[in-house]
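Here are my notes for someone opening this entry for the first time. Please keep the 3D view at hand while reading.

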Amino acid sequence: MISEIFFKDMQLLAEFHKHARVKHFVADDVLMYAGDKIVFVPIVMKGSIRVIRVNEDGREVFLYHIYPGQTCAMSLNCCRANQISMIKAVAEDDTEVYMIPAELVDEWFRFREWKEFVNNTYAIRYAELMNVIDLIAFSNMDVQLLHYLQKRSQALNTKALHITHQQIADELHTHREAVSRLLRQMEQKNLVKLGRNVIELLD
């Protein structure tokens with residue numbers, strides 16, 4: 001099990017198996033909405049989770065993916081600060097997660113491995129968030145779009161993405177017409193091949 005792979009402390013493992021529960025999700029299931037009270041922190045065992053920042057107006061920006069052995073820094077931060085969720089978490093494909101009760105996140109800091117796991121999560125996600133900020137602040141939308149498609153492709157382990165232009169627009173906080181125009185330009189450059197609700201990334 002993934003807990004034995006990433007944690008060796010027998011006392012931590014005992015706590016892990018006592019309190020954590022496994023939950024299964026299929027593609028596009030929402031694990032958490034913005035505004036939800038955070039009652040658990042997910043650690044991915046299988047599959048991946050797409051994390052999306054949602055503001056008060058419901059506008060969305062894609063942030064990063066969570067892969068096996070990883071958790072969500074935003075969820076960790078909100079539960080430790082006793083705040084509601086600021087993100088939406090969506091299963092990218094068939095996904096299994098360990099659900100860690102939120103109240104145990106700080107309590108488990110008495111275990112060195114857990115503290116290191118949380119601190120490493122913050123470091124990794126900070127770097128990813130800085131990359132997102134750089135993309136939004138300093139890159140044109142075509143670069144942001146290509147980055148988004150590449151990340152989705154990596155998470156799903158496929159070059160063919162079954163996704164609508166509207167969904168991309170929603171998660172990149174832009175207009176569908178802009179996405180469609182940029183995708184046509186990318187197709188002309190042989191970066192993608194477009195089909196009906198399918199976008200294939202080309203080498």
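1. The second largest pocket is lined by Val61, Phe62, Val132, Leu135, Ile136, Met141, Gln144, His147, Tyr148, Leu172 and His173. Bear in mind that this is a predicted model. The space in this pocket comes to about 150 Å³.

2. Which elements give two or more residues to this lining? They are E5, H5 and helix H6 (141-156). H6 gives the most, with 4 residues.

3. By class, the lining of the second largest pocket splits into 8 nonpolar and 3 polar residues.

4. Now the largest pocket. It holds about 230 Å³ of space. Its lining has 13 residues, and those closest to the centre are Arg53, Val61, Leu63, Met74 and Val132. At least two lining residues each come from strand E5 (60-66), helix H3 (73-80) and helix H5 (112-138). The class count here is 7 nonpolar, 3 polar and 3 charged.

5. Next, look at the open sheet of 3 strands. The order is E8-E10-E9, and the pairing is antiparallel. Strand E8 (160-162) and strand E9 (192-195) sit at the edges, each pairing on one side only. From one strand to the next, the twist averages 20 degrees.

6. How many bridges join E9 to strand E10 (residues 198-201)? There are 4, and the two strands run antiparallel. Leu194 stands opposite Ile199 in E10.

7. Helix H8 (residues 176-188) packs on this sheet. H8 touches E9 and E10, and its direction makes about 125 degrees with that of E9.

Definitions and conventions
Residues are numbered from 1 along each chain as its sequence is written. This is a predicted model: local features need pLDDT of at least 70, side-chain atom pairs count only at pLDDT 80 or more; totals for chains, interfaces and linings use all residues. Side-chain values use heavy atoms; hydrogens and water are left out. Two strands pair if DSSP finds at least two bridges between them. Axes are lines fitted to C-alpha atoms, for helices over the stretch in contact, and angles run from 0 to 180 degrees between N-to-C directions. Contact means heavy atoms within 4.5 Å. On a 1 Å grid over the protein atoms alone, a cavity is a set of points where a 1.4 Å probe fits but cannot get out, and a pocket is an open set with protein on both sides within 12 Å along at least five of seven lines; lining residues have an atom within 4 Å of a point. Grid points are joined across faces, edges and corners, and a volume is the space filled by probe spheres set on the points. Ala, Val, Leu, Ile, Met, Phe, Trp, Tyr, Cys and Pro count as nonpolar, Asp, Glu, Lys and Arg as charged, and the others, Gly among them, as polar.
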